[in-house]
Amino acid sequence: MSAQPEPALLLSEEEEALRAAVRDLLTDHCDPAGVLTRSESADPHDVPLWKSLAHAMGLAGLLIPEALGGQGATHREVAVVLEELGRAVAPVPYLTSAVVATEALLACGAEDLLAELAAATTVAVLAVGLHVAPGGAVPGVRRENGALHGELTGVADATVADVLLVPADDGGLYAVRAADATVTRQTSLDLTRPVARVSLDGAPGRRLSDTEPAVRRALRAGAGLLASEQLGLADWLLTETVRYLAERKQFNRPVGGFQALKHRLARLWLEVAGLRAAARNAADALATGADTDVAVAVAQAHAARVAVHAAEEALQLHGGIGMTWEHPVHLYLKRAKADSIAYGTAGAHREALAELVDLRAP
């Protein structure tokens, strides 16, 4: 029996080049002040930025085969993109459309919709609450006389979707054009990833496949790659806090020189380094199919705590300015807190991990 190859946790030259290209685009078109301004508007999604990422750079089709117009890349490249999007708290539907909905459509074999996503002419969203974990109970709408009726809540990025992938009580997953549904924005802690209520009142839908395998695959990929977004958040917060403390002076010396603060930053650096390993291992496992469930559960059991801790430390160590609305740190804190329950809480993933490795509580 041959041993499994070790996961490659360092980025390749091609992945580093992708990272640099995405970071350059976000530096030019997704500055913190712009994100904050957009978050206060009626539509927080940055559609021009999405078009640049999805169409000009072709990133919406990374997971889609080349035969359907996509890039035929792997989850490792997607993780690189999400890490950079996390660093910028970019208000675009990349995780929900280019990852979660795409994975569901790949499981369904819906080639026409995949081609639309790859061409960046369509945004698709899985109409499942953002809090639902892989393997968790999936609410569905009612199917009567060939039409769909019911309501689903907490659906992330539904307000910008063109197609909704809707689970129904007959066990099927249906494609519904957003124009045939009523999508109402709900109050959301995270201003950069709004959630919405989807109401269907006799909406026509096209059955794609059975719900369970498609949704399970989609949510597992979403949970695993969410860790890369959380890594980007935490890394930006750590970097900016170190920079701020090196510039701010107290008693005529940089605040960052105080030993107590050095220790706090060192502990946070170690946490972020651990998250980097867990997130990249999850992306590699999704790409190779090796111990995927375990890798995803490990990453999500760890990621939420680190991202939230990084945001809390940044808020405190920025002092008075960190408490202001004008400083972007609150956007990162809200994204980190919202991500901590997205695709399952850390506790849910720890329970799943215990079952997977047969280490249940006594």
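Trainee: How many of the 362 residues of the protein count as buried, as a percentage?

Mentor: Start with the cut-offs: buried means under 20% relative accessible area, exposed over 50%, and partly exposed in between, with a 1.4 Å probe and protein chains only. Here, 53% of the 362 residues count as buried. Keep in mind that this is a predicted model, where local features need pLDDT of at least 70, side-chain atom pairs count only at pLDDT 80 or more, and totals for chains, interfaces and linings use all residues. Residues are numbered from 1 along each chain as its sequence is written, and side-chain values use heavy atoms, with hydrogens and water left out.

Trainee: How many helices and strands does the protein have?

Mentor: Helices (H or I, at least four residues) and strands (E, at least two) are DSSP runs, numbered from the N terminus. The protein has 12 helices and 10 strands. Its radius of gyration is 20 Å, close to the 21 Å from the globule rule for 362 residues, so the protein is as compact as a globular protein of that length. That radius is taken over C-alpha atoms, and the rule is 2.2 Å times the number of residues to the power 0.38.

Trainee: What share of the contacts joins residues at least 24 apart?

Mentor: Contact means heavy atoms within 4.5 Å. Among contacts between residues at least 6 apart in sequence, 75% join residues at least 24 apart. Take Val123, in the loop between α6 (111–118) and β1 (124–126). Leaving aside neighbours within four places in sequence, Val123 is in contact with residues including Trp50, Pro93 and Val160. Val123 is also buried, at 7% relative accessibility.

Trainee: How many disulfides does the structure hold?

Mentor: A disulfide is a pair of cysteine sulfur atoms within 2.5 Å. The structure holds zero disulfides. Among the cysteines, Cys30 is buried at a relative accessible area of 7%, and Cys108 is buried at 15%.
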